[in-house]
Amino acid sequence: MPDFLAQSYLADRGKALAVMGRARQIRSPLLLRAILVPGDEIFLTLWRAPDADAVDTAAREVGLDPDRVVPAEELLPGSERMEPGRV
């Protein structure tokens, strides 16, 4: 199943943590990671889902209003030696 990055406008750490708590209650799509950049008022969430629409819907259900949802590929140190799609 592919991964998607949702970008939202959010600067408050408490609200970001609350969103993550609500997102953990959803089994699909699955919230994998979240990054808050308070100085830029950006909240990035990485989801595993069948499609971008599923991420958009789930993000809105947990209280986010994503500006965009795009396909993403997480690259970890050493991943240049791995085949695409394998983490």
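D56 and R60 both sit in helix α2, four residues apart, or about one turn of the helix. (Helices are DSSP runs of H or I with at least four residues, strands are runs of E with at least two, and both are numbered from the N terminus.) The side chains of D56 and R60 meet in a salt bridge, 3.0 Å from N to O. Here a salt bridge means a side-chain nitrogen of Lys or Arg within 4 Å of a carboxyl oxygen of Asp or Glu.

A word on the model before going further. This is a predicted model, in which local features need pLDDT of at least 70 and side-chain atom pairs count only at pLDDT 80 or more, while totals for chains, interfaces and linings use all residues. Residues are numbered from 1 along each chain as its sequence is written, and side-chain values use heavy atoms, with hydrogens and water left out.

**Salt bridges**

By the rule above, the count comes to four salt bridges. Three of them are set out here:

| Pair | N to O distance |
|---|---|
| R48 and D3 | 2.7 Å |
| E74 and R33 | 2.8 Å |
| D56 and R60 | 3.0 Å |

R48 and D3 form a salt bridge. R48 belongs to strand β3 and D3 to strand β1, so this pair ties together parts that are 45 residues apart in sequence. D3 counts as buried, at 11% relative accessibility, and R48 as partly exposed, at 33%. (Buried is under 20% relative accessible area, exposed is over 50%, and partly exposed lies in between, using a 1.4 Å probe and protein chains only.)

E74 and R33 also meet through their side chains. E74 lies in the segment after β4 (68-72) and R33 in strand β2 (residues 30-37), so the pair ties together parts that are 41 residues apart in sequence. E74 is partly exposed at 24%, and R33 is partly exposed at 46%.

D56 and R60 are linked with D65 in a network of salt bridges.

**The nonpolar core**

Which residues have the most contacts inside the largest nonpolar core? They are F43, W47, V55, V62 and L64, in a core of 17 residues. β1 (3-9), α1 (13-23), β3 (42-48) and α2 (52-61) each supply at least two residues of this core. Such a core is a set of buried Ala, Val, Leu, Ile, Met, Phe, Trp, Tyr and Cys residues joined through side-chain atoms within 4.5 Å.

Take L64 as an example. Leaving aside neighbours within four places in sequence, L64 is in contact (heavy atoms within 4.5 Å) with S8, L10, V19, F43, T45 and A59.
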